[in-house]
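Please open the model in your viewer and keep the selection tool at hand. The stops below are meant to be visited in order.

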Amino acid sequence: GYAGSIDSIPHMPSPSFRNVALIAHVDHGKTTLVNAMLNAAGVFASHESRVDRVMDSSDQERERGITILAKAASVTWKDTKINLVDTPGHADFGGEVERALTLVDGVLLLVDAAEGPMPQTRYVLSKALAQGLPAVVVINKVDRPDARIEEVADEIYQLFFDLDAEDHHIEFPIISSIARHGHAMAGTGIPGDDTDLAPLLDAIVENVPEPSGDPNAQLQALVTNLDASDYLGRLAIGRVVQGTLRAGEHVALCHSNDEEPPLKRRLTQLMGFEHLGRIDAADRVAGDLFVVAGFPEVEIGDTIADAVDPQPLPRLEVDEPVLRMTFGVNTSPLSGKDGRFVTSRQIKERLDREVLGNVSIRIGATSSPEVIEVAGRGELQLAVLIESMRREGFELQVSRPEVIIREISGRPHEPLERAVVDVPNDHVGTVTQAVAPRKGQVTDLRPGDAGRTIVTLTAPARGLLGFRSLLMTATRGTALIHQHHAGWMPWAGELPHRQGGAMIADRLGTSTGFALDNLQKRGELFIGPNTDVYEGMIIGEASRPEDMQVNATKTKQLTNIRTHSTDEAIKLKPPREMTLELAIEWIAEDELVEVTPNAIRVRKRYLTESERKRQKKR
């Protein structure tokens, strides 16, 4: 209950809150469940259109099927307001998870009735148990023909035991649900067609404690996340720990470092989460979540406190970036053909905007004004940023990601990553072979269920660059990989890169089938016929380690002498499709990836051979 006796104040009914984080593996139906809960609580009025998967708002989140930013929604059930905070399952966004958990007093663990608990679920759940948060378990998709409801329930208990949960945490309620249709029942089983989600909403109200905190105490509100709005600038999202946040009153913003005096300002814009949107609010009392505009200086972990006597709360830590790459203006001969934003000023403004709401990305200057350094938590996260930019019409060229080096007791150290890989048994060898040359070590092998094995390994972060795409190809997409930062290790020395050299086009033009037919004998091509090429563009990987200059635009000499009939029959192997992630990982130090809205090309940093030789001499 609340600290202090609020009941003695007659005019202030204390609103009842429950703050819950959703933990689930990718695709287990988290976002669908939120929709169903909103429906059950009567959020969508009959006239509102229902969007499928309403929490994943960006296109990439829908396509990749992942939730990238932690979002919140709220439903009101029997006079209790339930705030639902969504957490991402991918470790590149692990910083988001820990901060989402500071907003809540309990978790909703969602598990697929056929697949059971997954490695990602394990990571987020361990963080929740470390903070002592009680859980409500939902087994979803119980109507699947391959559902194993009882076994999955046992696996969940096993997972809690593995994570050394305390006894009172292991006594969690289990709800079986079919989120798509909005049916649920307490216990394990298949809910009938006449059921709704009431058992689930009741279980949340009964099992998740009410936030402690006295609405009449001195104000303390913790900022746990940032967002950006085109109209209001930087927004601070967080939770009122105690006291009441009121619009129009003066508040103090306390940074972590004590040297800076707190900023005092009038709170002009205060919002709260209501259903799926944000609404303007007059106040937010202890326990509720808030969104505040008007403090462009706000950072994660700041406290919004009483203006007269500001008392900051303990600081939140945000994961350090471990990779950095450069973003620059597209300087290729084909630049500006299909992008709208091509200048360094536009790229810089876009990155500044990204940093406003995205905490785990930092930007810095380089020796050239045309090039900006961007540091982040992982290649997936940086690829998501580049992909968003190219969809918005930007053209840019990016370098290969490098790890950030840190001096520890006089020696260079590099970031160490721990990866948990869940693969079918016949691919365990693939994993161990792939990780050995990358200076990785397998630390644990344990049999999973349904013919799968869980391999735990540690490796330098740069050794795991491209590991995800390699594994997905090798296991035909059946592997699940989850990696997170595991500290620092001494520099591991050189790591093997790609086998072959680059096939470099030696002139501007359009590729021909005749030329490519001759070239495919000497390596693997990245392009097909009728593709624009330019001097210095890389069109394939040679079968030998040396780079080679090639002419991809050569046409056949036309004579009137008929030769052997094989002249006409050109059989081209399909080119290797260069996706953004593959290209970023494939390129070498002296190469760049050119990214435009319609194309991803690989090129040498210096386009002419004479310029490359001159740079080498230097």
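This is a predicted model: local features need pLDDT of at least 70, side-chain atom pairs count only at pLDDT 80 or more; totals for chains, interfaces and linings use all residues.

Residues are numbered from 1 along each chain as its sequence is written, and side-chain values use heavy atoms, with hydrogens and water left out.

**First stop: Glu594**

Select Glu594, which you will find in strand β34, covering residues 591-596; helices (H or I, at least four residues) and strands (E, at least two) are DSSP runs, numbered from the N terminus. Is Glu594 buried or exposed? Its relative accessible area is 0%, so Glu594 is buried, where buried means under 20% relative accessible area, exposed over 50%, and partly exposed in between, with a 1.4 Å probe and protein chains only.

Now show what surrounds Glu594: leaving aside residues up to four places away in sequence, Glu594 touches residues including Asn330, Leu334, Leu396 and Ile600, a contact being heavy atoms within 4.5 Å.

Next, display side chains, and look for the polar contacts that the side chain of Glu594 makes with the side chain of Ser332, at 2.9 Å, and with the side chain of Tyr534, at 2.5 Å. A polar contact is a pair of N or O atoms within 3.5 Å; within protein, one must be able to donate a hydrogen and the other to accept it, and residues adjacent in sequence count only if both atoms are side-chain atoms.

**Second stop: strand β35**

Follow the chain from β34 through a hairpin of two residues into β35. These two strands pair in the antiparallel sense over six bridges, pairing being called when DSSP finds at least two bridges between strands, and the bridge partner of Glu594 in β35 is Arg601. Select β35 itself, residues 599-604, where five of its six residues are buried. Strand β32 (residues 537-542) also pairs with β35 in the antiparallel sense, over two bridges, and there Ile538 stands opposite Val602.

**Last stop: two loop residues**

Select Ser409, in the loop between β23 (406-408) and β24 (411-424); Ser409 is exposed, with a relative accessible area of 73%, and has a positive phi near 45° although it is not a glycine. Finish at Lys439, in the loop between α10 (428-435) and β25 (441-447), a non-glycine residue with a positive phi of about 60° that is partly exposed at 39% relative accessible area.
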